[in-house]
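Please examine the structure below before reading the briefing.

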Amino acid sequence: MSKIFVKGNEAIARGALDAGCSCYFGYPITPQNDIPEFMSTALPKAGGQFVQAESEIAAANMLLGAGACGIRAMTSSSSPGISLKQEAISYMAGSDLPGVIVNISRGGPGLGDIGPSQGDYFQAVKGGGHGDYRQLVLAPGTVQEAYDLTMLAFDLAFAYRNPVMILGDAIIGQMMEPVRLHRRKAQDSAESESWRLEGFGKRMPRVIKSLRLAEGTLGKHNEHLQQKYTAARRECRHEEFMTEDAELIVVAFGSIGRIAKSTIRRLRQQGHRVGLLRPITLFPFPSRALQDLAENGKRFMTIEHNMGQMVEDARLALCGLAPCGFYGHLPGNLPTPDDFEGPILKEFNSGT
Amino acid sequence: MSIYQDAIIAGFGGQGVMLMGTLLAVSAMESDMEVTYIPVYGPEMRGGTANCTVVISDEEIGSPIIRRPLSLIAMNRPSLEKFQPLVRDNGVVLINSSLVEPDLTDNGRIRAFSVPVNDIAAELGNLRLANMVALGAYVRITGIIALEAVIKSLSRVIPERYHHLLGHNTRALEAGAAEIRDKYPSGG
Amino acid sequence: MQEVLAYKSPEILADTPTHFCPGCHHGIVHKLLAACLEEKELAEKSICVAAIGCGAFIYNYVLVDSLEAPHGRAPAVATGVKRSSPDSFVFVYQGDGDLASIGLAEIMHAANRGERITVVYVNNTVYGMTGGQMAPTTMVGQKTTTTPGGRQPELDGFPLQMAEIMSRLRGVHFAARVAVNNIKNLKKAKKALLRAFEVQKLGMGFGFVEFLASCPTNWRMTPVEANERVAGEMIPYFPLGVLKDAVAEEG
């Protein structure tokens with residue numbers, strides 16, 4: 001198929017449609033409004049349902065309802081709205097329900113600003129709501145990836161019966177790039193046949209719930225969830241750029257990953273042996289990739305658009321195998337390759 | 001050496017700056033180049049100017065946001081004052097000399113090109129074509145994309161209800177390129 | 001002598017001891033629901049959205065496909081269910097704290113959108129499961145664990161009359177308030193519930209049935225006293241009847 005030139009937000013909406021998403025629930029918030037706006041015309045045209053909910057809380061609960069019916073559905077928002085969705089996400093995780101949640105995040109805490117930020121990393125990868133659960137988190141770095149990973153998000157949500165989050169920011173959401181589209185596929189109804197609700201018909205009634213009061217059942221369920229998260233480790237994805245002969249590896253995700261790539265190209269031209277590891281799955285975190293590089297004698301630093309969040313996962317992955325520095329770009333400021341040059345050089349030189 | 005160009009395109013809201021950026025970007029895509037376009041958010045948004053950044057390369061593009069661009073299209077004076085100091089040495093600065101005094105350019109450090117895009121657009125019968133005149137001039141200066149590719153991409157970027165104006169836009173693009181050819185025979 | 005089957009419990013009603021307190025009306029509403037679902041031949045295609053509170057365990061008694069919603073969110077969850085599974089018969093079972101307090105936004109907007117769902121709302125003027133705190137429907141002067149001196153309107157506001165509120169919304173096709181404190185009211189309740197089901201079945205719109213119910217435990221009353229309170233105190237403030245039947249009115 002030929003390429004189209006679209007915003008990251010539109011790419012996400014198109015990715016959802018092409019993955020067989022037939023229900024969208026959302027509430028307006030900047031900078032992700034292109035998603036509901038696109039869906040409001042495209043989804044009914046494709047035979048699906050678009051609902052502008054009364055709140056992010058309601059939208060996420062509609063997602064829960066659609067997920068229980070085994071339907072591919074999505075909600076999207078930005079940071080403050082994502083906080084409101086956490087209640088339903090926790091219930092979905094506790095009820096083994098699939099669903100795709102998009103966070104085109106912005107600066108915080110509180111109302112913050114509408115500019116890009118990676119301040120929601122912890123919220124995304126550590127659960128976000130109450131209880132001991134995780135969601136799978138995919139972080140696109142290009143508009144093509146925003147499209148591809150949204151399609152993947154639906155497959156993963158149903159494969160693991162778990163919420164999956166796309167974590168982008170105002171840069172990924174608002175920038176435009178060429179995108180090569182895939183053939184649209186309809187949802188395979190078999191993927192939810194064994195558990196979805198549709199009326200009991202000729203079988204026994206099913207109950208989907210997260211309440212587990214009988215002795216031992218909650219513990220057992222938590223064990224089951226942890227097994228699921230362990231199994232999801234096989235979904236780890238990351239990109240490496242010029243790591244082979246690098247002394248220092250910059251670890252950065254999403255928009256910051258690609259901006260850092262420009263800095264690394266420039267530093268390479270100056271003869272500095274630096275490379276990039278861009279995690280594409282944030283949960284599961286590509287720990288193995290970091291460990292392998294550490295065993296080859298590399299040093300690390302994370303660059304984040306926050307005051308230091310992913311660095312904790314990187315250090316946990318490395319577990320003392322190699323040092324891992326950190327540079328945090330403040331929210332409210334647009335990051336450029338120039339901003340990272342000094343911090344990378346400083347880290348690079350500190351080890352020589 | 002690989003092909004690489006980046007541009008900040010800036011002007012008043014309403015001057016069609018975003019359309020210039022998307023047209024340049026789509027033309028690059030149609031020319032099988034890698035390209036990114038981003039309307040700039042944040043503090044840069046304030047002060048009545050609109051701007052976007054386009055990056056074009058034959059290699060995978062890293063940052064879509066550029067602090068120190070290789071080229072600048074300044075459609076008004078505030079845009080020149082804001083972004084000219086950031087343009088890299090020997091970079092291209094194209095100004096709309098209908099609204100900006102050419103002697104405000106930092107000629108010598110950068111390569112300045114002055115095109116009275118509003119006047120040329122007015123001569124063509126529609127002031128709103130000024131952005132197309134400027135883009136025609138820009139692709140002629142930088143040579144990053146063939147003018148024909150830009151003309152061919154017009155129909156993909158301009159909404160269908162305005163397709164009766166495709167001819168006007170084509171002539172505006174050509175007029176901008178012609179101005180550079182005539183005025184800067186060696187530097188174009 | 002010939003044996004005659006005089007009474008048969010609904011098949012989808014679980015034959016199990018209940019966790020409800022003696023004299024609680026939830027069990028009666030459960031049975032009524034089950035009977036109406038069977039009578040309308042809706043059980044096999046039903047999806048029940050349960051809420052939080054004493055009624056949360058409806059899925060242990062009314063045996064249809066069921067889903068648990070977070071506190072107050074059942075109408076939003078049911079919206080997602082009905083929109084993604086339009087051929088299913090979708091009903092919501094909520095108490096007064098769930099629907100009229102924490103879930104007020106969700107019920108108002110699901111009703112206002114005219115979602116093709118049926119809401120069964122059980123109002124017993126108190127938070128039952130958490131131990132008898134003030135509910136949005138607690139009567140003026142009623143003592144609860146958080147209004148030890150009785151509900152004072154100047155501090156606590158007034159009991160919300162949800163059936164009336166619902167009946168004013170354009171998206172609502174059927175709204176009624178019923179009680180199950182005596183046989184006469186029980187018969188009327190059944191009629192209202194059947195009508196609400198029919199409204200959804202025919203794709204006409206949102207149906208709302210408010211049940212006045214007793215809570216002897218948290219009212220600190222005997223079951224008989226509690227039953228009498230429904231008639232003596234609740235019905236005068238929460239009058240019974242069909243408040244809206246848009247289709248019937250049009251016809």
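In this predicted model, helix H9 (residues 254-269) of chain A lies across strands S10, S11 (248-251), S12 and S14 (299-304) of chain A, with contact meaning heavy atoms within 4.5 Å. H9(A) runs at about 170° to S12(A); angles run from 0 to 180 degrees between N-to-C directions of axes fitted to C-alpha atoms, for helices over the stretch in contact. Helices (H or I, at least four residues) and strands (E, at least two) are DSSP runs, numbered from the N terminus.

**The sheet**
- Five strands of chain A form an open sheet with mixed pairing, in the order S10-S12-S11-S14-S15; two strands pair if DSSP finds at least two bridges between them.
- Its edge strands are S10 (238-241) and S15 (324-328) of chain A.
- Helix H11 (residues 310-318) of chain A lies across S11, S12, S14 and S15 of chain A, at about 175° to S15(A).

**The interface**
- Chain A and chain B bury about 2,200 Å² between them, which is accessible area (1.4 Å probe) lost on being put together, summed over both.
- A:Lys261 forms a salt bridge with B:Glu60, the closest N and O atoms being 2.6 Å apart; the rule asks for a side-chain nitrogen of Lys or Arg within 4 Å of a carboxyl oxygen of Asp or Glu.
- H9(A) gives six residues, the largest share of the side of chain A that touches chain B.

**Conventions**
- Residues are numbered from 1 along each chain as its sequence is written, and chains are lettered from A and ligands numbered from 1 in the order in which they are written.
- Local features need pLDDT of at least 70, side-chain atom pairs count only at pLDDT 80 or more, and totals for chains, interfaces and linings use all residues, while side-chain values use heavy atoms, leaving out hydrogens and water.

Methods:
Buried area is the accessible area (1.4 Å probe) that two parts lose on being put together, summed over both.
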